[in-house]
Amino acid sequence: MNITTLRIGCSNCNLREVCMPLGLTLKEMESVEELVSARRRIRRGEALYRAGDYFDNLYAVRLGFLKSTVMSSDGREQVTNFFMAGEMIGLDGISSGVYSCDVIALEDTEVCIIPFSRMEDATTSIRTMGVHFQKMLSREIVRQHGVMLLLGSMHAEERLAAFLLALSQRFENRGYSRSEFVLRMTRAEIGSYLGLKLETVSRVLSRFSHDGLIEVNQKHVRIFDPEGLRAIVSAVELDHSPSIPMDVMHHHVIRPDE
């Protein structure tokens, strides 16, 4: 793993509107830039950190895609979240002082390292930064509520449709196409994340393709009929519910669907 210690320019980063709060003054932006101590590159398959590692940093994803996993009581690896550019990783370590999950790169990835001690200082000295950080923590609580909704009211088709729509929205928020993208995770990882068996994920994707909703070519996905997918998620208002984004299942271990 290579560590790059060059100064990071948050004000020049094309993810600043996703990663950092809006409305900062020039002086405040200079202070925020000092939060980032370095960049770190992680090769595909390598760990950013492991469960039980000492917590000292938060990480903002600059490039790439990662997953978080925990080990269930029966020894299975459970995927609990996926992270992409502009998102913060490491919040799981705040309460206990150690990270609670493994975070693994699904492709070559680069993150900005933010020492938590610096973040604490910034949230008290810069009001906008404090509000931004509180909102990040609040979103984690909202996502926990979304877990019960997702698992309690959705069948396999609904879960996978919601997953594709939310992933589409996340790509669009970062300036990419919402109708055509590459799945960085495997079918098995999607199944683990959604509480579905691998065979169920493959069967449902094939059904969506047969019905003309999507086209799947290995990991390449094209969404032809987002409204058709949305109709499948009949019990949930995707446009108005913050609990449906694909990372709502963060920190939860789920038994595979039968």
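Me: Why is Ser-192 called buried?

Reply: In this predicted model, Ser-192 has a relative accessible area of 17%. Buried means under 20%, so Ser-192 is buried.

Me: Where does Ser-192 lie, and what is Ser-192 in contact with beyond its neighbours within four places in sequence?

Reply: Ser-192 is found in helix α6. With neighbours within four places left aside, Ser-192 is in contact with Glu-77, Gln-78 and Val-79.

Me: What makes the pair Glu-77 and Lys-67 a salt bridge?

Reply: The N to O distance between the side chains of Glu-77 and Lys-67 is 3.6 Å. A salt bridge needs a side-chain nitrogen of Lys or Arg within 4 Å of a carboxyl oxygen of Asp or Glu, so the pair qualifies. Glu-77 is in strand β6 (residues 77–84) and Lys-67 in strand β5 (residues 65–71), ten residues apart.

Me: Why is the contact between Arg-222 and Glu-215 called a salt bridge?

Reply: The closest N and O atoms of Arg-222 and Glu-215 are 3.9 Å apart. The rule asks for within 4 Å, so the pair counts as a salt bridge. Arg-222 has 33% relative accessibility and counts as partly exposed; Glu-215, at 36%, also counts as partly exposed.

Me: Which residues do salt bridges with shared partners join into one network, and how many salt bridges are there by this rule?

Reply: Arg-39, Arg-41, Arg-62 and Glu-110 are joined into one network. The count by this rule comes to 16 salt bridges.

Me: What makes α5 and α6 roughly perpendicular?

Reply: The axes of helix α5 (residues 156–173) and helix α6 (residues 187–194) cross at roughly 110 degrees and come within 11 Å. Angles of 65 to 115 degrees count as roughly perpendicular, so α5 and α6 are placed in that class. The crossing of α5 past α6 is right-handed. Arg-159, Leu-160 and Phe-163 of α5 make the contact with Ile-190, Tyr-193 and Leu-194 of α6. By class, this contact has five nonpolar, no polar and one charged residues.

Me: Why is α5 called roughly perpendicular to α7?

Reply: The axes of α5 and helix α7 (residues 198–210) cross at roughly 75 degrees and come within 10 Å. The range for roughly perpendicular is 65 to 115 degrees, so α5 is roughly perpendicular to α7.

Me: Which residues of α5 and α7 meet?

Reply: On the α5 side these are Ala-156, Glu-157, Leu-160, Ala-161 and Leu-164. In α7 they meet Thr-200, Val-201, Arg-203, Val-204, Leu-205, Arg-207 and Phe-208. The contact of α5 with α7 has eight nonpolar, one polar and three charged residues.

Conventions. Residues are numbered from 1 along each chain as its sequence is written. This is a predicted model: local features need pLDDT of at least 70, side-chain atom pairs count only at pLDDT 80 or more; totals for chains, interfaces and linings use all residues. Side-chain values use heavy atoms; hydrogens and water are left out. Axes are lines fitted to C-alpha atoms, for helices over the stretch in contact, and angles run from 0 to 180 degrees between N-to-C directions. Helices (H or I, at least four residues) and strands (E, at least two) are DSSP runs, numbered from the N terminus. Angles under 35 degrees count as roughly parallel, over 145 as roughly antiparallel, 65 to 115 as roughly perpendicular and the rest as oblique. A crossing is left-handed if the near helix is turned anticlockwise from the far one by less than a right angle, and right-handed if clockwise. Contact means heavy atoms within 4.5 Å. Ala, Val, Leu, Ile, Met, Phe, Trp, Tyr, Cys and Pro count as nonpolar, Asp, Glu, Lys and Arg as charged, and the others, Gly among them, as polar. Buried means under 20% relative accessible area, exposed over 50%, partly exposed in between (1.4 Å probe, protein chains only).
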